[in-house]
Amino acid sequence: MKILVIYTHPNHQSLCYAFLQKVLKGSHENPNIKDIQVLDLYEEGFNPVLVFNEHKRRRDMYRDPHLEKYRDQIIWADKIVFVYPIWWGRPPAMMLGYIDQLFAANFAYKDKKGLLPEGLLKGKSVVCVSTMKGPANYPLLWLNNSHKILMKKALFSFVGIKQVKFFEFGNMESPKGKQTKKLEKIYRYFKKIDC
């Protein structure tokens, strides 16, 4: 199994970075994982801003040469792992900008007759590891599970990825947030996964 980890947080002293380290530690100890690539969007200087004009059309984004490296990473990966905070009920703008540009028509999906497109990323799986300041049930009770709906239904299902696992960790700025226990949960998960 080949894993692409997409890390989206500007601070390497953050709890999100500690979760990234647990993902990597568990993955390196897992004999089922043959190779790992890490894409740190902030460190990479990824430009999340979409630009469309008479020279750069949205329908041609799937062949933009500036994004070829990132498309190759997605094609290469069997499993894509996103590590990020939840800010204002959704992932950071940096990560959403990456999604806007990479999960493009004719690369991640293909329009066809009918209501839904054909997902072109079938066979891949996704794990989302997210942290938030608010309570763990905040997205479910106050936001009608909008984060999971956005990620699973509006994005991953649309591009053909059916296997999606979520770890939403709340109360992460609280002294009672059980951070160590949650970090160990991620380590153990990645040490044991087999597909």
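View 1. At 0% relative accessibility, T8 counts as buried (buried is under 20% relative accessible area, exposed is over 50%, and partly exposed lies in between, with a 1.4 Å probe and protein chains only). The model shown is predicted, so that local features need pLDDT of at least 70 and side-chain atom pairs count only at pLDDT 80 or more, while totals for chains, interfaces and linings use all residues. Residues are numbered from 1 along each chain as its sequence is written, and side-chain values use heavy atoms, with hydrogens and water left out. T8 sits in the loop between β1 (2–7) and α1, where helices (H or I, at least four residues) and strands (E, at least two) are DSSP runs numbered from the N terminus. Although 122 residues separate T8 from S130 in sequence, their C-alpha atoms are 10.0 Å apart in space.

View 2. Side chains of opposite charge can pair when their charged atoms come close. A salt bridge is taken here as a side-chain nitrogen of Lys or Arg within 4 Å of a carboxyl oxygen of Asp or Glu, and by this rule the count comes to nine. One of them joins the side chains of E184 and K22, at 3.0 Å from N to O. This pair links distant parts of the chain, with E184 in helix α7 (residues 179–192) and K22 in helix α1 (residues 15–28), 162 residues apart. E184 is partly exposed, with a relative accessible area of 28%.

View 3. K25 and E29 meet through their side chains in a salt bridge of 3.1 Å, N to O; K25 is partly exposed at 39% relative accessible area, and E29 is partly exposed at 35%. The side chains of K69 and E44 form a salt bridge at 2.4 Å, N to O. Because K69 lies in helix α3 (residues 68–76) and E44 in helix α2 (residues 41–44), the pair ties together parts that are 25 residues apart in sequence. K69 is partly exposed, with a relative accessible area of 43%, and E44 likewise counts as partly exposed, at 32%. Salt bridges that share partners join K25, E29 and K191 into one network.

**View 4. The second largest pocket and its lining.** The second largest pocket holds about 290 Å³ of space. Of the 16 residues that line this pocket, R58, I99, D100, F103 and L155 are the closest to its centre. The elements that give two or more residues to the lining are α4 (93–102) and α6 (146–156), and α6 gives the most, with four residues.

View 5. W88 is found in the loop between β3 (79–85) and α4, and its phi is near 55 degrees, a positive value in a residue other than glycine. W88 is exposed, with a relative accessible area of 84%. N106, in the loop between α4 and β4 (109–110), has a phi near 70 degrees, again a positive value in a residue other than glycine. At 41% relative accessibility, N106 counts as partly exposed.

Key. 1 Å grid on protein atoms, 1.4 Å probe; cavity = no way out; pocket = protein on both sides within 12 Å on 5 of 7 lines; lining within 4 Å. Points joined across faces, edges and corners; volume = space filled by probe spheres on them.
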